[in-house]
Amino acid sequence: MSLFSYPEHPKVENRVTPPPDAVDDEPEPSAPPLELMDKVSGYEYVSFEVVEVPPPVAFFDENGENEPERAPPPSSPQLTEQEARQALLKHVTTRCCYGKGAARDMAITKIDHSCAFHYTLETFTEKRQTAWAFEPYFGGTVDNPSTDHPPGPWDIAATPSSSFTGSITQIEVPHTASIKTCHICGGVGRKRCFTCSGNGYEQCYSCHGDGYKNTLDGEHERCFRCHGTGRRRCWKCNGDGLALCKGCSGTGQIKCFIRLIVTWTNHIDEHVVEHSAVPDEKIKSGSGQVVFEEEDEKLWPVNHFPDTTINMASFQLVQKHATAFSAERILRQRHRVRIIPVATVHYQWKNHSNTYSVFGFEKKIHAPKYPQTCCCGCTLF
């Protein structure tokens, strides 16, 4: 048999059935020695460990780009006294220990209107990594370095399925492949069976190697699966002691090549500007209106909102994203501002004076100090 020919496996009849708990726990084949790999121009640094490839330096001429003109944001809707009361009554009906009397009879003395701002910045990036890889060689043409010069890691075309969605793809770098003798089996295509350590048999799973089993009647009879020997032919190698090489799948040869791993990531940062008593997490969950949205290769910070806090937050996050992903190339950016209307309702009920908040277009309620509760073990919202 030639060193690189397909191995001839003996034809074995009555192949052994794997035991019910059989697990092919043979470890994955190790990588071949790095010194056996070909020297590929432009990829001298590559090993079997994944290595990040920094993206080419991108220049952005801020002087050549004019700051975009932006329309002022719309004003927030105003809540009437009747709407404020109805929203609270609706909320109270969902709380088993809240009384309706306070919501129905309280005197609403004042309503302060404001807006919470939810700013979100997304930066969609691409990262490229390289590493040597190998797989069984089943024949066919091989794109080796002699056919052409391999392209650089950032010169290989790769497109994400959709923008602002994380994904990963792996590509064989053109003109880097070669055929090698399998380093695990030495080109034979078979190796000592891992399951039975080459013995060709293993302990019988039915009698656990005893050769006999106890019946329901208390009898001690010979195990019918192993016929009293306490062992059975190995299910993996069928008693041969040699199993198919996992590295080359029995072909005796492996194909080695440089693999490019392309990872697209959507980095998201957000900031909430809220001056009322409503917690930020509730503001994020409230229904709002997107009043501003932009998308481009590189964004200018928001600077036209009347609340300077949101302008400053945008400036800080845009600056952060400009330098935070040095090993990745920025493909696209987008940011948006969502406003959530907030009404702080001042009320008087009996000897209680306090406030509650109505937020979002669906008029959610934040009333942790509602004055009429009938038990002390409830969580107040």
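Beyond its neighbours within four places in sequence, Val358 is in contact (heavy atoms within 4.5 Å) with Leu79, Ala87, Pro341, Val342, Ala343, Val345, Lys363, Lys364 and Ile365. The structure is a predicted model, in which local features need pLDDT of at least 70 and side-chain atom pairs count only at pLDDT 80 or more, while totals for chains, interfaces and linings use all residues. Residues are numbered from 1 along each chain as its sequence is written, and side-chain values use heavy atoms, with hydrogens and water left out.

Val358 also belongs to the largest nonpolar core, which holds 22 residues; Ala84, Leu88, Val345, Tyr356, Val358, Ile365 and Tyr370 are the members that touch the most others. A nonpolar core is a set of buried Ala, Val, Leu, Ile, Met, Phe, Trp, Tyr and Cys residues joined through side-chain atoms within 4.5 Å. Buried denotes under 20% relative accessible area, exposed over 50%, and partly exposed the range in between (1.4 Å probe, protein chains only). At least two residues of this core come from each of α1, α2 (100–105), β2 (107–136), β13 (329–349) and β14 (352–359). The greatest contribution is that of α1, with 5 residues. A second, separate core has 21 residues, among them Met37, Tyr43, Val46 and Ile254.

Thr130 is located in strand β2. Its relative accessible area is 0%, and Thr130 is therefore classed as buried. Leaving aside neighbours within four places in sequence, the contacts of Thr130 include Tyr43, Tyr45, Val46, Ile258, Arg259 and Leu260.

A pocket is an open set of points on a 1 Å grid over the protein atoms alone, where a 1.4 Å probe fits, with protein on both sides within 12 Å along at least five of seven lines; lining residues have an atom within 4 Å of a point. Its lining includes Ala87, Lys363, Lys364 and Ile365. α1 (81–92), α3 (280–285) and β15 (364–366) each provide at least two lining residues, and the largest share, 3 residues, is from α1. The lining comprises 3 nonpolar, 3 polar and 5 charged residues.

Across the chain, 4 helices and 15 strands are present; helices (H or I, at least four residues) and strands (E, at least two) are DSSP runs numbered from the N terminus. Of the 381 residues, 41% count as buried. Among contacts between residues at least 6 apart in sequence, 81% join residues at least 24 apart.

Notes
Nonpolar A, V, L, I, M, F, W, Y, C, P; charged D, E, K, R; others polar.
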